[in-house]
Amino acid sequence: MLTPILATSDPYAAADEFVASGWTLAYSTPKDSDDPMAVVELHGGQVMLGVDSEQFLPADERDHRGAGVQFYVEVPADAIDDVHAGHQQPGPIQQRPWGVRSFVVKLADYNFMIATEQG
């Protein structure tokens, strides 16, 4: 299993953004923790939300957060319409030439493609 850790300015606020879009908060450390982190999930696909401290994302690179990366999250075919409706400002659901229906959305300044096998 591969689970990305995304550098965010506030992992708890980022988690709230995901949850408002229909994702589930799987876990978070206490807000006064020495290791602020939250984990969100959508149909089994997890993303960890960490901090953008100098160690993880230098200040001069923060304007390019997530550049060139898109996270692919697969959901069941019968859920794609509801998942799409739950997101703020998603792109349209499109039939892709490689046999999936998908849409793209930006969450916490990162790009996601949410897809399902053609039904």
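1. Start at the S6–S7 pairing. Gln95 sits opposite Arg101 of S7. Strand S6 (residues 94-95) and strand S7 (residues 100-107) run antiparallel and are joined by 2 bridges. Strands here are DSSP runs of E with at least two residues, helices are runs of H or I with at least four, and both are numbered from the N terminus. Two strands count as paired if DSSP finds at least two bridges between them. The hairpin of S6 and S7 has 4 residues between the strands, and Gly99 there takes a positive phi near 95°.

2. A note on the basis. This is a predicted model: local features need pLDDT of at least 70, side-chain atom pairs count only at pLDDT 80 or more, and totals for chains, interfaces and linings use all residues. Residues are numbered from 1 along each chain as its sequence is written, and side-chain values use heavy atoms, with hydrogens and water left out.

3. Next, the S7–S8 hairpin. S7 and strand S8 (residues 110-117) are antiparallel, with 8 bridges between them. Val105 has Phe112 of S8 as its bridge partner. This hairpin has 2 residues between the strands. Ala108 takes a positive phi near 50° in it.

4. The sheet as a whole. It is an open sheet of 4 strands in the order S5-S8-S7-S6, with mixed pairing. S5 and S6 are the edge strands, each pairing on one side only. The parallel part is S5 with S8, over 5 bridges. In S8, Met113 is the bridge partner of Tyr72, and Ala115 is that of Glu74.

5. Strand S5 (residues 70-74) has two faces. Phe71 and Val73 form the covered one. Gln70, Tyr72 and Glu74 form the uncovered one. In a regular strand the side chains alternate between the two faces of the sheet.

6. Aromatic pairs. Rings of Phe, Tyr and Trp (its six-membered ring) pair if their centres lie within 6.5 Å; planes under 30 degrees apart count as stacked, over 60 as edge-to-face and the rest as tilted. The count comes to 5 aromatic pairs. The rings of Phe18 and Phe112 have centres 5.6 Å apart and planes at 85°, so this pair is edge-to-face. The pair links distant parts of the chain: Phe18 is in helix H1 (residues 11-20), Phe112 is in S8, and they are 94 residues apart. Ring pairs tie Phe18, Trp23, Phe71, Tyr110 and Phe112 into a cluster.

7. How buried is the Phe18 and Phe112 pair? Buried means under 20% relative accessible area, exposed over 50%, and partly exposed in between (1.4 Å probe, protein chains only). Phe18 has 0% relative accessible area, so Phe18 is buried. Phe112 also counts as buried, at 0%.

8. H1 has a buried side. Pro11, Tyr12, Ala14, Ala15 and Phe18 are buried in H1. They lie on the same side of H1 because they cover an arc of only 155° around the axis. The arc is that of the directions from the helix axis to the C-beta atoms. Asp16 and Ala20, on the other side of H1, are exposed. The cover over the buried residues of H1 includes strand S1 (5-8), S2, S3, strand S4 (45-51), S7 and S8.

9. The ends of H1. At the start, a side-chain oxygen of Asp10 comes to within 2.9 Å of the backbone nitrogen of Tyr12. After H1 comes Gly22, with a positive phi near 100°.

10. Two buried loop residues deserve a look. Ser21 lies in the loop between H1 and S2, and is buried at 4% relative accessible area. Contact means heavy atoms within 4.5 Å. Leaving aside neighbours within four places in sequence, Ser21 is in contact with Gly86, His87, Gln88 and Leu107. Thr29 is in the loop between strand S2 (24-28) and strand S3 (38-42). Thr29 counts as buried, at 11% relative accessibility. Leaving aside neighbours within four places, Thr29 is in contact with Tyr12, Asp35, Pro36 and Met37.

11. Overall layout. The protein has 2 helices and 8 strands, in the sequence pattern β-α-β-β-β-β-α-β-β-β. Of its 119 residues, 38% count as buried. Among contacts between residues at least 6 apart in sequence, 50% join residues at least 24 apart.

How values were computed:
Polar contact = N/O pair within 3.5 Å; in protein donor to acceptor, adjacent residues only side chain to side chain.
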